[in-house]
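Visitor: Can you walk me through this one? I'll ask as we go.

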Amino acid sequence: MGVVQASPAYHERDMNGSGGTGSNDAAPCGTEPRDVIIVGSGPAGLTAAIYTARANLAPLVIEGEPSSTSDQPGGQLMLTTDVENYPGFPDGVMGPDLMVNFRAQAERFGAEFVTAKATSVDFSERPFSVWVGDECYRSRTVIVSTGAQSLMLGLPDEERLIGHGVSTCATCDGFFFRGQEIAVVGGGDSALEEAMFLTRFASKVYVVHRRDQLRASKIMQDRALANDRIEFLWNRQVVEIRGDDKLEGVMLIDTQTQERSALDVTGLFIAIGHRPNTELFADWLDRKPNGYLMTDAGSARTNIEGVFACGDVQDDYYRQAVTAAGSGCQAAIDAERWLEAQGH
Amino acid sequence: MAEGISTLDDSTFDETVGSADNPVLVDFWAEWCGPCKMIAPILEEIASEHDNIRIAKVNVDESPDLAMRYQVMSIPTLIMFQDGEPAKRLVGAKPKSALLAEIGEFL
């Protein structure tokens, strides 16, 4: 749909551009086109950077900007501690250390980095345009690896109390709940990983889950169910967050009986899943109903020739660091071969 | 030439922060905190670019009492101290431009 239209950003820049002619076919930005721009810098984006850099394509990685919201350079692994299932590390590896190494490996082969967020893209014509604020970059191919970020509950006061008892990062904040009673919301692997991690500090961890069974993998379930500091509150949803300067407790509702109950906890860790960071591409790339980008089966190709997608932004099923890295490699090879076929 | 980033602990904090002529931006951090690592190089840059504030780090593993005293519940937390008293608090990692905007009044 978006293929033949210029994005709103294009028009805006066209009208405001200095000395612009107002003509729609004026070049949207003047830089020499590169071969590859990679948007996003988790395991997928950085693997694509390693591969395209080693193929002498001098990729530019628009890596994002520091934040504590699981949307930052290095991706979601920056908010984890021990990663036990990434092959090659028999004793496990710290998530942030792993990502620092990914980046160093890409840099070693000549990848360049912009530490900022891409703010708009124009895929209406090749070379494509990617903006970071007022800075514009052009490229013959774009690899989209913007990942996914944590969902929030969407309750009043939730945002206000982040950093004051409400958290989306157990590894950042768990330390401060030593000897206290806290709750984790969610029923997947990340919820149970957070709950297990938090038992290092908290005297008790409630896992609040809206169903009566878990989505988490068997090994995580077994570990969590065997942990006597963890208590499961099944069929419960958080409906209210209480506290002035800091969290004082939450209200739960039983999804079966609708009965309300108070839970006095000083910490609330939210791990209810993720949403893909695809808003930037909404005008251009086909998405599934749940917002994830569509790619051709068995490849990283999107509906626009020369634009590839990899990692969690297009994966609503596996969502592992190693599958993200694998798909980043696919995107790099797809981009490389596509450039070759174009005679570059 | 700015003096770089110093490390404070329970025994040096009060004297250093209390006696400083300039505002002191204290970064509460830990080795295991990914977002803390993200902002560390930004703080190095700010320290070398601005002579009129001081930047110091407190490792919350080594100085848990300081973290508790200033009610740090999430890291990174940056607290700007003026005349020894907390004057501004920033929670969570932020890009350099956002950090500079937040502490602009002290620069």
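**Sheets, helices and the chain contact**

Visitor: Start with strands. What is the order of the open sheet of 3 strands in chain A?
Guide: The order is β14-β15-β16 in chain A, with antiparallel pairing. Strands here are DSSP runs of E with at least two residues, helices are runs of H or I with at least four, and both are numbered from the N terminus. Two strands pair if DSSP finds at least two bridges between them.

Visitor: Which strands stand at the edges?
Guide: β14 (236-242) and β16 (260-263) of chain A; each has a single partner strand, so one side of each lacks a neighbour in the sheet. On average, neighbouring strands are turned by 30 degrees against each other, direction ignored.

Visitor: How many bridges join β15 to β16 in chain A?
Guide: There are 4, and the two strands run antiparallel; β15(A) covers residues 249-254. In this pairing A:I253 stands opposite A:R260 of β16(A).

Visitor: Back up. What kind of model is this, and how are things numbered?
Guide: This is a predicted model: local features need pLDDT of at least 70, side-chain atom pairs count only at pLDDT 80 or more, and totals for chains, interfaces and linings use all residues. Residues are numbered from 1 along each chain as its sequence is written, while chains are lettered from A and ligands numbered from 1 in the order in which they are written.

Visitor: And what is the mean pLDDT of chain A?
Guide: The mean is 89, and 92% of the residues of chain A reach 70 or more. pLDDT is the predictor's confidence in each residue, from 0 to 100.

Visitor: Where is the pLDDT below 50 in chain A?
Guide: Over residues 1-27 of chain A. That stretch has 28 contacts in the model beyond near neighbours in sequence. A contact means that the C-beta atoms of two residues, placed from the backbone, lie within 7 Å. Where pLDDT is low, predicted coordinates should not be read in detail.

Visitor: Helices next. At what angle do α2 and α3 of chain A cross?
Guide: Roughly 20 degrees, and the axes of α2(A) (residues 43-54) and α3(A) (residues 95-108) come within 8 Å. That makes α2(A) roughly parallel to α3(A). The classes are: under 35 degrees roughly parallel, over 145 roughly antiparallel, 65 to 115 roughly perpendicular, the rest oblique. Axes are lines fitted to C-alpha atoms, for helices over the stretch in contact, with angles from 0 to 180 degrees between N-to-C directions.

Visitor: Which residues meet there?
Guide: From α2(A), A:P43, A:L46, A:A49, A:I50 and A:A53; from α3(A), A:F102, A:R103, A:Q105 and A:A106. By class, this contact has 7 nonpolar, 1 polar and 1 charged residues. Ala, Val, Leu, Ile, Met, Phe, Trp, Tyr, Cys and Pro count as nonpolar, Asp, Glu, Lys and Arg as charged, and the others, Gly among them, as polar.

Visitor: How do α2 and α7 of chain A pack?
Guide: At an angle of about 40 degrees, with axes 7 Å apart; α7(A) spans residues 321-341. The two helices are therefore oblique to each other. The residues of their contact divide into 12 nonpolar, 5 polar and 1 charged.

Visitor: Switching to chain B. What is the strand order in the open sheet of 5 strands?
Guide: β1-β3-β2-β4-β5, with mixed pairing. The edge strands are β1 (5-8) and β5 of chain B, each pairing on one side only. The twist averages 25 degrees from one strand to the next.

Visitor: What do β4 and β5 of chain B form?
Guide: A hairpin with 2 residues between the strands; B:D83 in the turn has a positive phi of about 50 degrees. The strands pair in the antiparallel sense over 6 bridges. B:F81 stands opposite B:P86, and B:I79 stands opposite B:R89.

Visitor: Which peptide bonds are cis?
Guide: One is from A:R126 to A:P127, with omega near -5 degrees. Another is from B:I75 to B:P76, with omega near 0 degrees. B:P76 sits in the loop between α3 (64-69) and β4 (77-82) of chain B.

Visitor: Last one. How many residues does the contact take from chain A and chain B?
Guide: 22 from chain A and 19 from chain B. On the chain A side, α4(A) gives the largest share, 3 residues. By class, that side has 8 nonpolar, 11 polar and 3 charged residues.
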